[in-house]
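Have a look at the sequence and the 3D view first, then read on.

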Amino acid sequence: MAEQLEFFPVQSPCRGICQSDDRGFCRGCFRSRDERFNWQKMSDAQKQEVLRLCRQRLMRKLRASKPNPPEEPQQPSLF
């Protein structure tokens with residue numbers, strides 16, 4: 001795959017919340033330990049891929065924490 005030229009360097013997604021969750025991903029940026037430690041060595045294409053994975057991890061977490069809607073709407077009793 002051809003690498004696209006970037007006009008600006010890909011910024012680190014670090015948010016300063018450097019704590020790992022139970023799966024080993026950072027709670028702030030959702031990068032793995034290897035992704036965090038090797039960020040400076042990665043090409044821009046690799047960094048873009050890590051950012052894509054981080055967005056997926058965030059969306060997965062948001063879906064898991066969203067409460068399930070009730071199967072049937074709760075209608076008040078008429079009596």
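A residue counts as buried when its relative accessible area is under 20%, as exposed when that area is over 50%, and as partly exposed in between (1.4 Å probe, protein chains only). Before we use that, some ground rules: this is a predicted model, where local features need pLDDT of at least 70, side-chain atom pairs count only at pLDDT 80 or more, and totals for chains, interfaces and linings use all residues. Residues are numbered from 1 along each chain as its sequence is written, and side-chain values use heavy atoms, with hydrogens and water left out.

Now the overall picture. The protein has 79 residues, and 20% of them count as buried. You'll find 2 helices and 0 strands; both kinds of element are DSSP runs numbered from the N terminus (helices are H or I, at least four residues; strands are E, at least two).

Which residues make up the largest nonpolar core? Val10, Phe30, Trp39, Met42, Val50, Leu51 and Cys54, 7 residues in total. A nonpolar core here is a set of buried Ala, Val, Leu, Ile, Met, Phe, Trp, Tyr and Cys residues joined through side-chain atoms within 4.5 Å. In soluble globular proteins, nonpolar side chains tend to be buried together. Leaving out residues up to four places away in sequence, Cys54 touches Cys29, Phe30 and Arg31, where a contact means heavy atoms within 4.5 Å.

Next, the charged pairs. A salt bridge is a side-chain nitrogen of Lys or Arg within 4 Å of a carboxyl oxygen of Asp or Glu. The whole structure has 2 of them.

| Salt bridge | N to O distance |
|---|---|
| Arg57 and Glu35 | 2.8 Å |
| Glu49 and Arg52 | 2.6 Å |

The side chains of Arg57 and Glu35 meet in a salt bridge. This pair links distant parts of the chain, with Arg57 in helix α2 and Glu35 in helix α1, 22 residues apart. Arg57 and Glu35 are both buried. Glu49 and Arg52, by contrast, both sit in helix α2, 3 residues apart, about one turn of the helix. Glu49 counts as partly exposed because its relative accessible area is 35%, and Arg52 is partly exposed too, at 34%.

Arg57 also has a neighbour worth a look: Ser32 touches Gly24, Phe25 and Arg57, not counting residues up to four places away in sequence. Ser32 is in the segment before α1 (33-37). Is Ser32 buried or exposed? Its relative accessibility is 17%, so Ser32 counts as buried.
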